[in-house]
Amino acid sequence: MKQASRISERRADLAVRKRRAGRLLLGILFACIFCFVGGICEKKAMARGASITISTKNNTVLKGDTVYVVITVKSSEPIKGFEGYFTYNSRILQFVTGGNITHGNDDTFRINDTNRTTSAAKITYSVKFIARKAGSVSISLRKPYHAYADDDTSSEMSVSYNTLNILVKKKPEAGKEPEASEAPKPSPSKKPEEQDGTRQPGQSAAPEVSAVPTPGKNDVPGSARLRKLSIEGVEFVPEFEPGIRKYSALVETDAKELKIDYQAKDSQANVVIKGNKNLAEGKNTVKVIVTSTAGEKTVYRLSLTIQHINNNKANRITVTEKKGKVYLKGNSKIEVLPVKEDEVVPEGFEKTQTTIDGKEITSYALKDGGESSFVLIYGKGNKEELYLYDKEESTLMPYQKVKSWYRSLNGGSISTITDEERMIQSLKYVIGIMAAFCGLLLVITVAASIRAHRH
C-alpha cells in the first residue's frame, strides 16, 4: 500500500516537472521570437542610410587660390545630426574656416553638428581652404563618424561616402622663363638640333643618355637620387619626391619623344633615360636610371598613358550602324555591346545615355559625379572591354590602361556594399546567433527533462 502511494507521488511529481519543463521551453521559444523580431526591427532602423558627398567646383586650382569644399549629407529620411572627421594634407591645403561647427588642425578637420534644432533630408556644409603648395591632395571621411535619424531614439544611420581629389598647380609667372636649374644643361658635344630632343631626317638616333650638369654647390656627393624630375605640362601622381620611385601620368601629345627635365642630387652621377623613343598611344613605361659615382643605382619608373591630340574633326568619334550593330569610329574603332552591369560595370557607376555624333549611346557615369567629361562604354575592339570616352576631346581609351589615372582624378566610393546588402548580412548574423542560442537552451531543457524522468 505504501509502495503504491510512493509510485503515485512519483508520477504526480514527474507530471509537475514535465509541465514546468514545457512552460520553460515555451518561455524560451517566446524569448527567442521576441529577440529575433527585435533584432529585425533594430537592423531595419540601421538600414536607413545617409550618403556623404565631398565635392568642389574645380578639382584643379592654382597655388594661392581659395578653395571651397562642399560636404553634403543626404538621406531619404530626416537627419537630426551629423559629426565626422575628415583628413587632408595640410602642406598643400590650409584650413581657414567652416563656421562654428567646424574645427581644423593639422591634416584633420571635424564637423560637429549634433545639436540641431531642426531636421532635414539634406544638410550642406562649406569649408574654406587656401591652396598653399603645388601637389595633389585627397579629402576623405574617417572614423569615428555618425549620422543620426530624426526619430524617438535618434538611431544611427549607415553611412557611405566618397573621396575628393584636388590638384594644385604652380601659378605661372607672366613673361618669366624657367630657371636654368630646372632643366639639365646640354653637353657642348651635342649638335644644336639634338639639344631639344629632336633630330633631322636621315640623322641617326642619339643615345638615350642625357647630359651631365655642371657641378653645383648643393651637390650631395655619392647620391643616386634625383632632386627634380618633370615633364612640361604633365602632372605626376603622386607628386615627385626623391624617395618615391613609381609615378603615373596622362600625357596629351602627338610627339614620339618627350622632353624630360631632371636634376640629380649629385651632378657627377650618371643619368640614363630609357623608353623615351617611339612612344605609342596608350600605356608606355619610361625609366630614369641614376647611377652614383660609387656604382649605386636608383630607377624611377614613369607609367605614362599617351593620348594623341585630335584637333581634326575628321578624327572625332563618329557613329555608324550596320546590320543592327552600332560602331564608334575615331582614334580607335569599337562595336558597342550590351553589358551585364553587375559583372562588368565598376561599383559607383550608373547607367546613362551619352550623345555621340547625334546618336544616343548607352554609357555609365559616376554616381553623383555632376557634369563629368568622362563616361564608360562597353564595346569590342581588339577584345571585349570597357572604354573611357572623353566627351570634350571625343576620344576613346581602354579603361584598364587609364584606370589608375582616372580614379586618382575622380576618386571613388568607399562603401562597397549597399544598405540592403548590409541589412541582409546583419540579419544573417542575428538569425545564426538566435538559432544557436535556442538550440542550446532546447538541449539543456530536454536533458533536464530526461534526468527528471529517470529520478
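Modeller: A residue is called buried under 20% relative accessible area, exposed over 50% and partly exposed in between (1.4 Å probe, protein chains only). The model is predicted, with pLDDT of at least 70 required for local features and 80 or more for side-chain atom pairs, while totals for chains, interfaces and linings use all residues. Residues are numbered from 1 along each chain as its sequence is written, and side-chain values use heavy atoms, without hydrogens and water.

Colleague: Is K323 buried or exposed?

Modeller: K323 is found in the loop that joins β17 (318-322) to β18 (325-329). Because its relative accessible area is 78%, K323 belongs to the class called exposed.

Colleague: How many strands does the protein chain have?

Modeller: Helices (H or I, at least four residues) and strands (E, at least two) are DSSP runs, numbered from the N terminus. Besides its four helices, the protein chain has a number of strands that comes to 24.

Colleague: What share of the residues of the protein chain counts as buried?

Modeller: The protein chain has 455 residues. The part of them that counts as buried is 36%.

Colleague: What is the N to O distance in the salt bridge of R116 and D113?

Modeller: R116 is partly exposed, because its relative accessible area is 21%, while D113 counts as buried at 9%. Their side chains meet in a salt bridge in which the N to O distance is 2.9 Å.

Colleague: Where does K277 lie, and how many residues separate it from E257?

Modeller: E257 and K277 form a salt bridge, and their closest N and O atoms are 3.2 Å apart. E257 counts as partly exposed at 25% relative accessibility, and K277 is also partly exposed, with a relative accessible area of 25%. The pair links distant parts of the chain: E257 is in the loop between β12 (246-252) and β13, K277 is in the loop between β14 and β15 (282-291), and the separation is 20 residues.

Colleague: Which side chain of opposite charge is nearest to D266?

Modeller: D266 lies in the loop between β13 (260-264) and β14 (270-274). Leaving aside neighbours within four places in sequence, D266 is in contact (heavy atoms within 4.5 Å) with D219, V220, P221, G222, S223 and T293. Lys and Arg count as positive and Asp and Glu as negative, with His and the chain ends not counted. D266 is buried yet has no salt bridge, and the nearest side chain of opposite charge, 8.5 Å away, is R227.

Colleague: Is I450 exposed or partly exposed?

Modeller: I450 is found in helix α4, which covers residues 419-454. Because its relative accessible area is 42%, I450 is partly exposed.

Technical notes: A salt bridge is a side-chain nitrogen of Lys or Arg within 4 Å of a carboxyl oxygen of Asp or Glu.
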